[in-house]
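Look over the sequence and the fold, then read on.

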Amino acid sequence: MSDSTPTSNGSTKTNQLPPRAPLSSNQRPVHTIQIPREYVMKSPPEENLAKYASYSRVQMRRRVFRRCHRSLCGGVCLLILTIMMMMAIVYFIYRPKAPTYALTALTISGFQPLSSSALTPLSPSITASLQTGNPNKRISIWYQTGGSVSAYYDTVHLCQGEWPAFRQPPHNVTVFETDLTGSGVLLTSVDRSAILKDVDVNKVALRVKAEVPVKIKFGMVTSWRILVRVSCDVIVDSLNGTATVLSRACHVDTHYLW
(Lines give C-alpha, C1' and ligand atoms only; values in the text may rest on other atoms or scores of the structure.)
Protein backbone atom coordinates (compact mmCIF):
# COMPACT_ATOMS: atom_id res chain seq x y z
CA MET A 1 0.00 0.00 0.00
CA SER A 2 1.47 3.47 -0.99
CA ASP A 3 0.56 7.15 -0.92
CA SER A 4 1.40 9.50 -3.89
CA THR A 5 2.49 13.08 -3.14
CA PRO A 6 3.01 15.65 -5.97
CA THR A 7 6.43 17.46 -5.99
CA SER A 8 7.34 21.00 -7.03
CA ASN A 9 8.54 19.99 -10.47
CA GLY A 10 5.31 18.25 -11.23
CA SER A 11 6.52 14.76 -10.59
CA THR A 12 4.86 12.45 -8.23
CA LYS A 13 6.66 11.08 -5.18
CA THR A 14 5.53 7.80 -3.88
CA ASN A 15 5.68 7.14 -0.05
CA GLN A 16 5.88 3.49 0.73
CA LEU A 17 4.02 2.44 3.96
CA PRO A 18 5.13 -0.63 5.82
CA PRO A 19 2.77 -3.53 5.22
CA ARG A 20 0.32 -4.34 8.06
CA ALA A 21 0.36 -7.74 9.59
CA PRO A 22 -2.81 -9.66 8.79
CA LEU A 23 -5.30 -10.03 11.68
CA SER A 24 -5.77 -13.50 13.03
CA SER A 25 -9.20 -15.00 13.50
CA ASN A 26 -9.02 -14.45 17.30
CA GLN A 27 -8.00 -10.81 17.17
CA ARG A 28 -10.34 -7.86 16.87
CA PRO A 29 -9.50 -4.35 15.69
CA VAL A 30 -8.71 -2.00 18.57
CA HIS A 31 -10.33 1.43 18.53
CA THR A 32 -8.61 4.06 20.62
CA ILE A 33 -10.67 6.84 22.16
CA GLN A 34 -8.79 9.86 23.36
CA ILE A 35 -10.38 11.62 26.43
CA PRO A 36 -9.50 15.23 27.15
CA ARG A 37 -7.07 15.56 29.99
CA GLU A 38 -9.27 17.90 32.02
CA TYR A 39 -11.97 15.18 32.34
CA VAL A 40 -9.66 12.61 33.88
CA MET A 41 -9.98 12.56 37.75
CA LYS A 42 -7.23 11.00 39.81
CA SER A 43 -9.51 10.63 42.96
CA PRO A 44 -13.26 11.03 43.72
CA PRO A 45 -14.46 14.25 45.31
CA GLU A 46 -14.39 14.54 49.11
CA GLU A 47 -18.19 14.62 49.48
CA ASN A 48 -18.40 11.23 47.72
CA LEU A 49 -15.83 9.79 50.12
CA ALA A 50 -17.84 11.03 53.12
CA LYS A 51 -21.05 9.53 51.74
CA TYR A 52 -19.36 6.20 51.08
CA ALA A 53 -17.91 6.10 54.61
CA SER A 54 -21.29 6.91 56.14
CA TYR A 55 -23.00 4.26 54.03
CA SER A 56 -20.38 1.68 55.05
CA ARG A 57 -20.91 2.42 58.76
CA VAL A 58 -24.69 2.09 58.41
CA GLN A 59 -24.36 -1.23 56.61
CA MET A 60 -21.93 -2.50 59.25
CA ARG A 61 -24.30 -1.54 62.09
CA ARG A 62 -27.19 -3.27 60.31
CA ARG A 63 -25.17 -6.46 59.86
CA VAL A 64 -24.14 -6.43 63.55
CA PHE A 65 -27.76 -5.80 64.65
CA ARG A 66 -29.10 -8.63 62.49
CA ARG A 67 -26.42 -10.98 63.81
CA CYS A 68 -27.19 -10.07 67.44
CA HIS A 69 -30.95 -10.34 66.82
CA ARG A 70 -30.56 -13.84 65.38
CA SER A 71 -28.35 -14.89 68.29
CA LEU A 72 -30.79 -13.49 70.87
CA CYS A 73 -33.81 -15.15 69.26
CA GLY A 74 -31.94 -18.44 69.08
CA GLY A 75 -30.95 -18.22 72.77
CA VAL A 76 -34.52 -17.42 73.88
CA CYS A 77 -35.96 -20.28 71.82
CA LEU A 78 -33.36 -22.67 73.27
CA LEU A 79 -34.18 -21.53 76.83
CA ILE A 80 -37.94 -21.97 76.29
CA LEU A 81 -37.39 -25.41 74.77
CA THR A 82 -35.18 -26.44 77.72
CA ILE A 83 -37.78 -25.28 80.28
CA MET A 84 -40.56 -27.11 78.45
CA MET A 85 -38.50 -30.30 78.35
CA MET A 86 -37.74 -30.05 82.09
CA MET A 87 -41.42 -29.47 82.91
CA ALA A 88 -42.40 -32.45 80.77
CA ILE A 89 -39.84 -34.66 82.54
CA VAL A 90 -41.04 -33.51 85.98
CA TYR A 91 -44.67 -34.09 85.01
CA PHE A 92 -44.13 -37.64 83.74
CA ILE A 93 -41.94 -38.58 86.73
CA TYR A 94 -44.03 -37.10 89.57
CA ARG A 95 -47.52 -37.07 88.02
CA PRO A 96 -48.73 -34.07 90.11
CA LYS A 97 -52.33 -34.11 91.37
CA ALA A 98 -54.35 -31.16 92.62
CA PRO A 99 -54.82 -30.90 96.39
CA THR A 100 -58.34 -31.37 97.74
CA TYR A 101 -60.23 -28.95 99.99
CA ALA A 102 -63.39 -29.27 102.08
CA LEU A 103 -65.31 -27.11 104.55
CA THR A 104 -66.30 -29.50 107.32
CA ALA A 105 -67.94 -27.28 110.01
CA LEU A 106 -69.00 -23.67 110.73
CA THR A 107 -69.72 -21.93 114.01
CA ILE A 108 -71.56 -18.67 113.31
CA SER A 109 -72.51 -15.68 115.46
CA GLY A 110 -73.15 -11.95 115.15
CA PHE A 111 -76.28 -12.12 112.96
CA GLN A 112 -78.83 -11.42 115.73
CA PRO A 113 -79.56 -7.80 114.58
CA LEU A 114 -81.09 -9.22 111.39
CA SER A 115 -84.52 -9.37 113.08
CA SER A 116 -84.39 -5.67 113.92
CA SER A 117 -86.25 -3.32 111.63
CA ALA A 118 -83.46 -0.77 111.79
CA LEU A 119 -80.48 -1.10 109.47
CA THR A 120 -78.11 -2.02 112.27
CA PRO A 121 -74.51 -2.83 111.27
CA LEU A 122 -73.55 -6.48 111.74
CA SER A 123 -70.39 -7.91 113.27
CA PRO A 124 -70.33 -11.45 111.89
CA SER A 125 -68.00 -14.04 113.40
CA ILE A 126 -67.39 -17.46 111.86
CA THR A 127 -65.09 -20.24 113.01
CA ALA A 128 -64.46 -22.37 109.94
CA SER A 129 -63.08 -25.90 110.05
CA LEU A 130 -61.18 -26.59 106.82
CA GLN A 131 -59.70 -29.81 105.52
CA THR A 132 -56.97 -29.99 102.89
CA GLY A 133 -55.55 -33.20 101.40
CA ASN A 134 -52.34 -33.87 99.47
CA PRO A 135 -52.92 -36.94 97.25
CA ASN A 136 -49.43 -36.90 95.70
CA LYS A 137 -46.90 -39.64 96.42
CA ARG A 138 -43.65 -37.66 96.15
CA ILE A 139 -44.74 -34.02 96.26
CA SER A 140 -44.89 -31.82 99.36
CA ILE A 141 -46.96 -28.62 99.59
CA TRP A 142 -45.69 -25.70 101.67
CA TYR A 143 -48.43 -23.22 102.58
CA GLN A 144 -46.77 -19.84 103.05
CA THR A 145 -47.67 -16.93 105.32
CA GLY A 146 -50.02 -14.29 103.95
CA GLY A 147 -52.97 -16.54 103.09
CA SER A 148 -56.50 -15.25 103.71
CA VAL A 149 -59.99 -16.75 104.08
CA SER A 150 -63.18 -14.72 103.52
CA ALA A 151 -66.91 -15.46 103.85
CA TYR A 152 -69.62 -13.96 101.63
CA TYR A 153 -73.38 -13.91 101.37
CA ASP A 154 -74.02 -13.45 97.67
CA THR A 155 -71.71 -10.48 96.93
CA VAL A 156 -71.67 -9.09 100.49
CA HIS A 157 -68.33 -9.51 102.26
CA LEU A 158 -69.10 -10.68 105.81
CA CYS A 159 -65.82 -11.48 107.55
CA GLN A 160 -62.19 -12.44 106.98
CA GLY A 161 -59.41 -14.43 108.67
CA GLU A 162 -55.99 -15.98 108.05
CA TRP A 163 -54.92 -19.24 106.48
CA PRO A 164 -52.14 -20.69 108.68
CA ALA A 165 -48.71 -21.53 107.31
CA PHE A 166 -47.71 -25.19 107.45
CA ARG A 167 -45.95 -27.93 105.48
CA GLN A 168 -48.08 -30.78 104.16
CA PRO A 169 -46.16 -33.99 103.33
CA PRO A 170 -47.24 -36.46 100.63
CA HIS A 171 -50.37 -38.55 101.24
CA ASN A 172 -51.46 -36.33 104.10
CA VAL A 173 -54.80 -34.88 105.25
CA THR A 174 -54.66 -31.77 107.47
CA VAL A 175 -57.64 -30.28 109.33
CA PHE A 176 -57.41 -26.84 110.95
CA GLU A 177 -59.69 -24.09 112.24
CA THR A 178 -59.51 -20.39 111.46
CA ASP A 179 -61.50 -17.49 112.91
CA LEU A 180 -63.16 -15.06 110.51
CA THR A 181 -64.29 -11.72 111.93
CA GLY A 182 -66.06 -8.70 110.52
CA SER A 183 -67.47 -5.42 111.77
CA GLY A 184 -69.66 -2.62 110.49
CA VAL A 185 -71.24 -4.75 107.77
CA LEU A 186 -74.24 -2.92 106.34
CA LEU A 187 -76.89 -4.85 104.45
CA THR A 188 -79.37 -3.37 102.06
CA SER A 189 -83.05 -4.01 102.65
CA VAL A 190 -83.02 -6.51 99.76
CA ASP A 191 -80.09 -8.50 101.22
CA ARG A 192 -81.62 -8.41 104.73
CA SER A 193 -84.96 -9.72 103.45
CA ALA A 194 -83.22 -12.47 101.43
CA ILE A 195 -81.20 -13.67 104.45
CA LEU A 196 -84.28 -13.71 106.69
CA LYS A 197 -86.18 -15.80 104.14
CA ASP A 198 -83.26 -18.26 103.94
CA VAL A 199 -83.12 -18.48 107.74
CA ASP A 200 -86.87 -19.21 107.88
CA VAL A 201 -86.48 -22.20 105.56
CA ASN A 202 -83.21 -23.30 107.26
CA LYS A 203 -81.17 -23.03 104.05
CA VAL A 204 -78.65 -20.20 103.98
CA ALA A 205 -76.17 -20.19 101.10
CA LEU A 206 -72.68 -18.91 101.93
CA ARG A 207 -69.46 -18.79 99.97
CA VAL A 208 -66.02 -19.17 101.55
CA LYS A 209 -63.01 -18.10 99.49
CA ALA A 210 -59.33 -18.56 100.24
CA GLU A 211 -56.19 -17.18 98.59
CA VAL A 212 -53.03 -18.93 99.72
CA PRO A 213 -49.44 -18.64 98.45
CA VAL A 214 -47.83 -22.07 98.26
CA LYS A 215 -44.59 -23.68 97.17
CA ILE A 216 -44.42 -27.14 95.62
CA LYS A 217 -41.45 -29.37 96.48
CA PHE A 218 -40.44 -32.03 93.91
CA GLY A 219 -37.73 -34.12 95.50
CA MET A 220 -34.82 -31.68 95.94
CA VAL A 221 -36.42 -28.94 93.80
CA THR A 222 -38.75 -26.28 95.26
CA SER A 223 -40.96 -24.18 92.99
CA TRP A 224 -41.56 -20.46 93.12
CA ARG A 225 -44.51 -19.02 95.10
CA ILE A 226 -47.82 -19.94 93.48
CA LEU A 227 -51.10 -18.27 94.45
CA VAL A 228 -53.79 -20.92 94.92
CA ARG A 229 -57.43 -19.77 94.96
CA VAL A 230 -60.01 -22.00 96.61
CA SER A 231 -63.78 -21.40 96.52
CA CYS A 232 -66.33 -23.35 98.61
CA ASP A 233 -70.10 -23.05 98.24
CA VAL A 234 -71.96 -24.27 101.34
CA ILE A 235 -75.55 -24.33 102.55
CA VAL A 236 -76.11 -24.22 106.32
CA ASP A 237 -79.28 -24.58 108.35
CA SER A 238 -78.70 -21.67 110.74
CA LEU A 239 -76.72 -18.47 111.35
CA ASN A 240 -76.62 -18.93 115.10
CA GLY A 241 -74.24 -21.29 116.89
CA THR A 242 -72.88 -24.48 115.37
CA ALA A 243 -74.48 -24.74 111.96
CA THR A 244 -75.11 -27.98 110.17
CA VAL A 245 -73.55 -28.06 106.71
CA LEU A 246 -76.28 -29.36 104.40
CA SER A 247 -74.20 -29.30 101.20
CA ARG A 248 -70.71 -28.23 100.19
CA ALA A 249 -68.63 -28.05 97.03
CA CYS A 250 -65.06 -26.79 96.83
CA HIS A 251 -62.85 -26.33 93.80
CA VAL A 252 -59.43 -24.90 92.98
CA ASP A 253 -59.55 -21.92 90.66
CA THR A 254 -55.80 -21.81 89.90
CA HIS A 255 -54.19 -24.68 87.94
CA TYR A 256 -50.44 -24.20 87.47
CA LEU A 257 -49.06 -27.70 87.84
CA TRP A 258 -52.15 -29.93 87.64
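Which residue's side chain meets that of aspartate 233 in a salt bridge? The partner is arginine 207, at 2.6 Å from N to O. Keep in mind that this is a predicted model.

**Salt bridges**

The structure holds two salt bridges. The pair of aspartate 233 and arginine 207 links distant parts of the chain. Aspartate 233 lies in strand S12 (residues 226-236). Arginine 207 lies in strand S10 (residues 204-218).

| Residue | Relative accessible area | Class |
|---|---|---|
| Aspartate 233 | 31% | partly exposed |
| Arginine 207 | 35% | partly exposed |
| Arginine 229 | 34% | partly exposed |
| Glutamate 211 | 38% | partly exposed |

Now turn to the surface. A patch of positive charge gathers Arg62, Arg63, Arg66, Arg67 and Arg70. One of these, arginine 66, has its place in helix H1 (residues 46-94). Arginine 66 has a relative accessible area of 41%, so it counts as partly exposed.

A nonpolar patch is found on the surface as well. Its members are Leu72, Val76, Ile80 and Met84. Together they have about 390 Å² of accessible area. Isoleucine 80 is placed in helix H1. Its relative accessibility is 45%, so isoleucine 80 is partly exposed.

**A residue in strand S5**

Is serine 140 buried or exposed? Serine 140 is buried, because its relative accessible area is 6% and buried means under 20%. This residue belongs to strand S5 (residues 139-143). The side chain of serine 140 makes a polar contact with the side chain of arginine 167, at 3.3 Å.

**In brief**

Helix H1 holds arginine 66 and isoleucine 80. Arginine 66 is part of the patch of positive charge, and Ile80 is part of the nonpolar patch. Serine 140, in strand S5, is buried.

Technical notes
Residues are numbered from 1 along each chain as its sequence is written. This is a predicted model: local features need pLDDT of at least 70, side-chain atom pairs count only at pLDDT 80 or more; totals for chains, interfaces and linings use all residues. Side-chain values use heavy atoms; hydrogens and water are left out. Patches are made of residues with over 30% relative accessible area and no salt bridge: like charges are joined within 9 Å, nonpolar side chains (Val, Leu, Ile, Met, Phe, Trp, Tyr) within 5 Å. Accessible areas come from the Shrake-Rupley method with a 1.4 Å probe; for residues, only the protein chains shown count as cover. A salt bridge is a side-chain nitrogen of Lys or Arg within 4 Å of a carboxyl oxygen of Asp or Glu. Lys and Arg count as positive and Asp and Glu as negative; His and the chain ends are not counted. The place of a charge is taken as NZ of Lys, CZ of Arg, CG of Asp or CD of Glu. Helices (H or I, at least four residues) and strands (E, at least two) are DSSP runs, numbered from the N terminus. Buried means under 20% relative accessible area, exposed over 50%, partly exposed in between (1.4 Å probe, protein chains only). A polar contact is a pair of N or O atoms within 3.5 Å; within protein, one must be able to donate a hydrogen and the other to accept it, and residues adjacent in sequence count only if both atoms are side-chain atoms.
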